[in-house]
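Subject: Structure handover

Hello,

Here is the structure you were going to look at. My notes on it follow below.

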Amino acid sequence: MAVRGRRARARAADAAPEAGRRREGHRWYTERLRANAGAVRRRVHEGRLGPVPALLALAVTWSVFQGLNDNFLTPRNLSVLSVDIVGTGIIAVGIVFVLLIGEIDLAVGSLAGLAGALFAALYVNLGIPEWLAAIVAVASGAAAGAVHGFSFAKIGVPAFVVTLAGLLSWNGLMLYLLGTESTIHFNQDGLVAALTSRYFSAAVTTYGLAALGTAAYLLVSYHDRRRRSTAGMPCRPVGEIWARTALLAVVAFAAVHVLGRFEGLPLALVLFLGVIVASDFFLRRTPYGRQVLALGGGVEAARRTGVDVVRVRISVFMVSGTLAAVGGLFVASRVTSASQVPGSGMLLISAIAAAIIGGTSLFGGRGSTWSALLGVLIIQSIASGMALLGVQPPVQFMITGGVLFTAVVFDSLARRAAESGWRA
Amino acid sequence: MPVQPLLALRGVSKRFAAVQALVDVELEIRAGEVVALMGDNAAGKSTLVKVISGVGPADKGVIEWQGSAVQIRRPQDAQVLGIATVYQDLAMCGNLDVVGNLFLGREIHRFGVLDEVEMERRTRQLLHTLSIRVPDVRVPLAALSSGQRQVVAITRSFVGEPRLLLLDEPTTALGIEQTSQLLDLIEELRDRGLGVLLISHNMGDIKAVADRVAVLRLGRNNGVFDVNTTSQEQIISSITGAADNTTTPRPSRPEEAWP
Ligand SMILES: Nc1ncnc2c1ncn2[C@@H]1O[C@H](COP(=O)(O)OP(=O)(O)OP(=O)(O)O)[C@@H](O)[C@H]1O
Ligand SMILES: [Mg+2]
């Protein structure tokens, strides 16, 4: 037993009262400031840049097109753009979920088309109430997603193959539903049509919404700060909170102002932002979201802490199927019809490209649903700018493809940087 | 009245497709005791840890917790009993930060919303009481060094007041000071009445903290030894198989000589 006595048991005093922790908090912050320059360099090195590259890309895109054609940044064009992005954008939010667990869903384009066709067939051809038809259409997306998820998570078929089969089958089902008519038009004043044709034009409402969003952000930040400082933990300085809030306010009010000079604030855009905020909240602030991210960080690690891997995987494919169907209704709403026009392939590519260009990693575990907004804005801006310049679609495709390629290369380099850190 | 062991394994067997990893293994760990588990590579040590932690349940055998048989089929079952594990491969998520990893699977939430402030507060408290320094508790784990990650994995096993600690080669990436710190910690835990299962290839560490050494060889028990009354050669020959006459003995490495 003599050996044991030799081991010293000196341990730092655990009697560190309030003042000590405060001091520690303060020291932490100054240390952090000092390390800031180094931290930025490290973040670049490790490929953790968040939305910065996407924001830069958007700024470049807008400057270039505005430089080439000053009709680009007009209220009219921006208003059209802000509605055009919504369908693809909502589908891209679903893709972000799937990418976060390190998988891919190739069926979302077909599911979007199917939802539109199902809605139109039920509502127009069978005379089912519009709201019910819309709900059934969305539920069909969830059900299809559940099938994909089950085959992948429970049976073990690679997600890529399952959803590739889905791409074909659901597209076939859509063509079958549309039958010989090939296009079903629906009511222009209906519920679904309103999704993309309704605008808030009263200044009270639009500026009110902008103010509400900004105030909510400020309130949440302050609340968080108060809780942290009561717990004696390092927290964001008040100045930084105000600076962020001011930045948000500038963006929000500028958007409302510009859109107000055309038709007003589009309902579709408000709903899209709602979907993003809600899904971002779910991913970052709930135990479920934590499980999704954990799965992307390491399936085995997640399993060992008790995550029900099968259940989470199925749920993620259900989320992506559901959002694909919702996005499909927005796409149909834009043209108040469901048709056989083979657009689902383009929809799929745009949605996946948007998620990745916006900064969500292809390799799982890194990303946010806000990247759906940024990415789809970039893609649609390119499309809209090219259309204004009269550039033909083939060239558009090549340029969008180039942007996607660049984003994937960045993503892969970032992953390599992170991996080398991991292995070191 | 004899004291019931905290944990007892009776006749545990486990088979992977082609490999019989564990055969009728017996093991007892009492509260306030450090049991070392030794054995050559592929002896089945990690497999045994996963049996106890519910990650890879046994095919056959009984697990007793304080004298009564229990079912540990899922990680949650072990968590409820108070069994915490540091895995050999750490099993942590590189994309989550230190706080996220520490509370993964046991998140604190209020009305279904993660209470990040409380989790971070407890993380800092825990790091402080264990006198562990981590540069930033909000940095993704992938950005830490392997030693730091191992320290975080060890810290994670202290979240939620465990009663039995399973440490699968917890010092492989640790520096000299951190290793000594961990050994101190293990002693302190033993004194507080926790049970500890320590897997290590380092005779020095085991000599310093363990009470008994259980040896696994090719998935079978190959003896349990009292650290204070057994010579190093005896244990090594039991590990290498010299003691069971199945293989030729390998010479013991000089740098591992007992004092
Ligand atoms: N998931 C698995 N699938 C198939 N075989 C496995 C699996 N896990 C372990 N094994 C096999 O079981 C045996 C025991 O492995 P185990 O990891 O328990 O050894 P160990 O004693 O921890 O070795 P080490 O000292 O190298 O960590 C090995 O032959 C290994 O190949
Ligand atoms: Mg092992």
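**Magnesium site**

At a relative accessibility of 40%, Gln88(B) counts as partly exposed (buried is under 20% relative accessible area, exposed over 50%, partly exposed in between, with a 1.4 Å probe and protein chains only). This is a predicted model, in which local features need pLDDT of at least 70 and side-chain atom pairs count only at pLDDT 80 or more, while totals for chains, interfaces and linings use all residues. Residues are numbered from 1 along each chain as its sequence is written, chains are lettered from A and ligands numbered from 1 in the order in which they are written, and side-chain values use heavy atoms, with hydrogens and water left out.

Gln88(B), through OE1, and Ser46(B), through OG, coordinate the magnesium ion (ligand 2) at 1.9 to 2.1 Å. Ser46(B) belongs to helix α1 (residues 45–52) of chain B and Gln88(B) to the loop between β6 (83–86) and α3 (98–102) of chain B, so the pair ties together parts 42 residues apart in sequence. Donors are N, O and S atoms within 2.8 Å of the metal (3.2 Å for Na, K and Ca), and water is not among the atoms, so sites may look incomplete. Ser46(B) is buried, at a relative accessible area of 19%. Helices (H or I, at least four residues) and strands (E, at least two) are DSSP runs, numbered from the N terminus.

**Sheet and hairpin in chain B**

An open sheet of six strands in chain B has the order β6-β9-β10-β3-β11-β12, with mixed pairing; two strands pair if DSSP finds at least two bridges between them. The edges are β6 and β12 (220–226) of chain B, each with a single partner strand, so one side of each has no neighbour in the sheet. From one strand to the next the twist averages 15°, with axes fitted as lines to C-alpha atoms (for helices over the stretch in contact) and angles running from 0 to 180 degrees between N-to-C directions. β12(B) pairs with β11 (residues 212–217) of chain B in the antiparallel sense over five bridges, and there Val224(B) in β12(B) stands opposite Ala214(B).

Strand β1 (residues 7–16) of chain B has seven of its ten residues buried, so it is largely enclosed by the rest of the structure. A hairpin through two residues joins β1(B) to β2(B), and the two run antiparallel with seven bridges. β1(B) also runs antiparallel to β4 (residues 60–65) of chain B, with five bridges.

**Chain A**

Val204(A), in helix α10 (residues 203–230) of chain A, is exposed at 73% relative accessibility.

Regards
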